[in-house]
Amino acid sequence: MNNFRRKFLKLFSFSYLSFIILPFNILNAATKKIINPNLTEEQKNIMFNESTERPFSSALNYEKRKGFFHCANCGAKLFSSSAKFDSGTGWPSFTESLPGAFKTKIDTSFGMKRIEYHCAKCGAHHGHVFDDGPSSTQKRFCNNGLCLIFKPEINE
Ligand SMILES: [Zn+2]
């Protein structure tokens with residue numbers, strides 16, 4: 001009888017927990033959405049599984065033209081080339097994002113406390129923002145190059 005009671009309690013607490021957790025999962029899933037069907041597995045892994053690309057692997061590290069950096073998933077405009085700088089870290093870096101481009105959250109993985117940011121429009125993970133930037137904003141947006149698409153300004 002005791003055993004039965006224990007099993008019942010276990011089952012009950014489990015379903016009770018899922019009842020509480022489930023709506024959060026649904027909410028979370030609703031804000032993260034794959035829009036671009038041509039995303040590669042690596043892009044999906046970074047944008048929806050919080051993975052990170054190898055440093056110095058992105059050609060965007062060397063991009064110096066004028067233009068805008070867009071979300072590779074939903075196309076939202078995220079950074080202006082005027083905010084880009086060479087941080088030497090091996091990831092495209094920016095002093096500021098365009099207003100309202102991202103939502104942030106605290107990431108405690110790997111025993112560190114970092115501020116992670118996601119595209120405000122599609123929820124895709126892009127990178128982390130640090131307080132050691134070179135300009136007056138003191139921000140350093142450290143962005144995975146694979147999450148970005150650069151569109152150069154067209155000179156007339
Ligand atoms: Zn997006």
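In this short talk I will walk through the fold of one protein chain, from its overall layout to a few single residues.

Before we start, please keep in mind that this is a predicted model, in which local features need pLDDT of at least 70 and side-chain atom pairs count only at pLDDT 80 or more, while totals for chains, interfaces and linings use all residues. Residues are numbered from 1 along each chain as its sequence is written.

Let me begin with the layout. The protein chain holds two helices and nine strands, where helices (H or I, at least four residues) and strands (E, at least two) are DSSP runs numbered from the N terminus. Along the sequence their pattern is α-α-β-β-β-β-β-β-β-β-β. Two residues are said to be in contact if their C-beta atoms, placed from the backbone, lie within 7 Å. Of the contacts in the protein chain with a separation of 6 or more, 55% are between residues 24 or more positions apart.

Now to the sheets, for which two strands are taken to pair if DSSP finds at least two bridges between them. Six strands make up an open sheet with antiparallel pairing, in the order β3-β4-β8-β7-β6-β5. Its edges are β3 (84-85) and β5 (102-107), each of which has a single partner strand, so one side of each is left without a neighbour in the sheet. Inside this sheet, β7 (residues 125-130) runs antiparallel to β8 and is joined to β8 by four bridges, and F130 has R140 of β8 as its bridge partner.

Another open sheet has three strands in the order β2-β1-β9, again with antiparallel pairing. Here β2 and β9 (148-152) are the edge strands, each pairing on one side only. From one strand to the next, the twist averages 30°, an angle between N-to-C directions, on a scale from 0 to 180 degrees, of axes that are lines fitted to C-alpha atoms. Five bridges join β1 to β9, and H70 has I149 in β9 as its bridge partner.

What about the interior? A residue is called buried if 20 or more other C-beta atoms lie within 10 Å of its own, exposed if 12 or fewer, and partly exposed in between, with C-beta atoms placed from the backbone. By that rule, 24% of the 156 residues of the protein chain count as buried. A nonpolar core is a set of buried Ala, Val, Leu, Ile, Met, Phe, Trp, Tyr and Cys residues joined through C-beta atoms within 7 Å. The largest such core has 21 residues, and those with the most contacts inside it are C71, A72, L78, C119, A124 and C147. At least two residues of this core come from each of α2 (41-49), β1 (67-71), β2 (77-80), β6 (114-119) and β8 (140-143). If we leave aside neighbours within four places in sequence, A124 is in contact with M47, F48, C71, N73, H118, C119 and C147.

Let us look at F79, which sits in strand β2. Is F79 buried or exposed? F79 is buried, because 25 other C-beta atoms lie within 10 Å. The C-alpha atoms of F79 and F69 are 5.1 Å apart, although the two residues are 10 residues apart along the chain.

I will end with two loop residues. Most residues other than glycine have a negative phi. F56, in the loop between α2 and β1, has a positive phi near 60°, and F56 counts as exposed because it has 12 C-beta neighbours inside 10 Å. Q138, in the loop between β7 and β8, also has a positive phi near 60°, and Q138 is exposed, with 11 other C-beta atoms within 10 Å.
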